[in-house]
Amino acid sequence: MSQHVEQSKQPVSAVLAGPYGHPFHPILVTVPIGAWVSSLVFDIGSLIVDDPGFLARGSLWLIAIGVIGALAAALVGALDLLAIPRGTRAFRTGLTHMSLNLAVTAAYVVGFFWRRTTDEGPVGAGPLVLSAAALLALGVSGYLGGKLAYRYGVRVATESTQAEGYTH
């Protein structure tokens with residue numbers, strides 16, 4: 001195994017980024033993903049129900065929860081990025097993944113403040129389209145995150161460590 005591959009598997013800080021073989025970033029990303037998917041469901045629901053205000057307010061707060069979760073995930077994700085040797089395909093993929101996530105988070109921050117200026121009616125077309133586009137970009141970024149872990153093995157234990165799970 002090359003030194004570059006081995007380096008990308010080790011945490012920069014086990015306390016902050018998670019121990020070897022169990023990074024915190026994949027755990028933390030479930031918060032913004034779940035919150036933002038749910039917010040889009042609430043947005044669509046606000047167009048269907050008779051009293052849309054509660055869904056619009058719920059969506060607003062789900063977006064806020066997602067932004068806070070994204071910031072936490074970004075902090076530990078940046079530590080994982082630092083473990084990847086610069087100039088490699090994996091590092092470039094990580095930079096693209098991070099850049100997309102930052103753009104998505106910025107879009108949700110814009111959407112949060114845009115929604116705060118609206119009344120108690122259903123979510124407007126503009127904020128809804130912004131959320132849907134941001135969620136699509138998040139899907140692309142998630143694909144790249146999966147590529148980092150499953151194709152390039154970033155922060156994934158070595159095959160010899162993994163083999164321990166298949167012994168009696």
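Tutor: First, the bookkeeping: helices here are DSSP runs of H or I with at least four residues, strands are runs of E with at least two, and both are numbered from the N terminus. This is a predicted model, so local features need pLDDT of at least 70 and side-chain atom pairs count only at pLDDT 80 or more, while totals for chains, interfaces and linings use all residues. Residues are numbered from 1 along each chain as its sequence is written, and side-chain values use heavy atoms, with hydrogens and water left out.

Let's begin at P52, which sits in the loop between helix 4 and helix 5. P52 counts as buried because its relative accessibility is 11%; the cut-offs are under 20% relative accessible area for buried, over 50% for exposed, and partly exposed in between, using a 1.4 Å probe and protein chains only. Setting aside residues up to four places away in sequence, P52 touches S46, E120, G121 and P122, where contact means heavy atoms within 4.5 Å. Going by C-alpha atoms, T117 is 16 Å from P52, and 65 residues separate the two along the chain.

Now zoom out for a moment. The protein chain has eight helices and zero strands, and buried residues make up 40% of its 168 residues. Take the contacts between residues at least 6 apart in sequence: 76% of them join residues at least 24 apart. The C-alpha atoms fill a box of roughly 60 × 40 × 25 Å along the principal axes.

On to the helices on either side of our loop. Axes are lines fitted to C-alpha atoms, for helices over the stretch in contact, and angles run from 0 to 180 degrees between N-to-C directions. The crossing of helix 5 past helix 6 is left-handed, meaning the near helix is turned anticlockwise from the far one by less than a right angle, whereas clockwise would be right-handed. On the helix 5 side the meeting residues include W61, I63 and V67, and on the helix 6 side they include M98, Y108 and F112. Sorted by class, this contact has 13 nonpolar, three polar and two charged residues. Here Ala, Val, Leu, Ile, Met, Phe, Trp, Tyr, Cys and Pro count as nonpolar, Asp, Glu, Lys and Arg as charged, and the others, Gly among them, as polar.

Helix 4 also packs on helix 6, at an angle of about 35° and with axes 13 Å apart. Helix 4 passes helix 6 in a left-handed crossing too. Here W36, S39 and D43 in helix 4 meet V104, T105, Y108 and R115 in helix 6. That contact comes to three nonpolar, two polar and two charged residues.

If you click on V104, you'll find W36, A134, A137 and L138 touching it, leaving out residues up to four places away in sequence.

S8 belongs to helix 1 and is buried, with a relative accessible area of 3%. R155 is not a glycine, yet has a positive phi of about 60°, and R155 is buried at 3% relative accessible area.
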